[in-house]
Amino acid sequence: MFDRFLKSLNVNSRTSMLPSPLAGRVIPLSEVADQMFAKGLLGQGVAIKPSGNRVVAPSDGKIEAIFPTGHAVAIHTAEGLDVLIHVGLETVKLDGRHFKVNAAVGDVVSQGDVLIEFDGPAIAAEGYDLTVPILICNSAEYASIKGCEGADVSELDQLIVTRSR
């Protein structure tokens with residue numbers, strides 16, 4: 001009886017912070033031009049208009065998926081977050097041009113390890129939107145997920161705060 005009451009007050013809830021995997025301007029997912037991301041169908045989070053040219057591991061974790069084209073990576077963090085970082089919209093069509101992959105599925109990575117390098121100006125010159133959605137794919141496991149929308153962030157600055165159920 002008291003367990004449910006305590007849980008309703010979030011007495012035993014815990015928070016986690018996900019640092020930013022790249023530098024840039026943070027925008028709400030709702031402003032992303034791709035509706036799959038904008039509606040949160042793949043998870044809650046934020047997006048970044050990048051100012052840098054690389055994606056780093058936001059936390060210690062394990063690479064669960066990384067596309068050979070270099071446009072996306074999925075990481076299971078030590079804090080239990082399933083994070084998807086998708087560089088640009090429709091950039092899978094570039095078939096790896098302008099991307100360099102520095103990790104592989106199964107790799108155990110440390111915070112700050114460079115996972116993907118990309119040439120933003122070349123990608124934009126080919127007509128692609130360079131917005132980078134950063135999603136918590138296991139969002140349903142959390143009571144709240146809040147990003148620092150409107151902020152300019154550097155690599156590993158605070159990006160998203162989650163609170164457990």
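M36, L41 and L42 make a nonpolar surface patch of about 280 Å² in this predicted model. Of these residues, M36 lies in helix α2, which covers residues 35-38. M36 has a relative accessible area of 41% and is therefore partly exposed, since that class runs between 20% and 50%.

The strands come next. Eight of them form an open sheet in the order β9-β5-β6-β7-β11-β3-β2-β13, and their pairing is antiparallel. At the edges are β9 (108-109) and β13 (152-153), each of which pairs on one side only. Within the sheet, strand β6 (residues 72-77) is joined to the antiparallel strand β7 (residues 82-86) by five bridges. A72 has H86 in β7 as its bridge partner.

Side chains of opposite charge can pair when their charged atoms come close. The whole structure contains six salt bridges. One of them is between D152 and R25, whose closest N and O atoms are 3.3 Å apart. This pair links distant parts of the chain, with D152 in strand β13 and R25 in strand β2 (residues 24-28), 127 residues apart. D152 is exposed, at 57% relative accessibility, whereas R25 is partly exposed, at 38%.

Another salt bridge joins D129 and K49, at 4.0 Å from N to O. Here too distant parts of the chain are linked: D129 is in the loop between α3 (120-125) and β11 (132-136), K49 is in strand β3 (residues 44-50), and 80 residues separate them. D129 is partly exposed at 27%, and K49 is partly exposed at 38%.

E90 and K93 also form a salt bridge, with an N to O distance of 3.4 Å. E90 is partly exposed at 39% relative accessibility, while K93 is exposed at 55%.

Conventions
Residues are numbered from 1 along each chain as its sequence is written. This is a predicted model: local features need pLDDT of at least 70, side-chain atom pairs count only at pLDDT 80 or more; totals for chains, interfaces and linings use all residues. Side-chain values use heavy atoms; hydrogens and water are left out. Two strands pair if DSSP finds at least two bridges between them. Helices (H or I, at least four residues) and strands (E, at least two) are DSSP runs, numbered from the N terminus. Patches are made of residues with over 30% relative accessible area and no salt bridge: like charges are joined within 9 Å, nonpolar side chains (Val, Leu, Ile, Met, Phe, Trp, Tyr) within 5 Å. Accessible areas come from the Shrake-Rupley method with a 1.4 Å probe; for residues, only the protein chains shown count as cover. A salt bridge is a side-chain nitrogen of Lys or Arg within 4 Å of a carboxyl oxygen of Asp or Glu. Buried means under 20% relative accessible area, exposed over 50%, partly exposed in between (1.4 Å probe, protein chains only).
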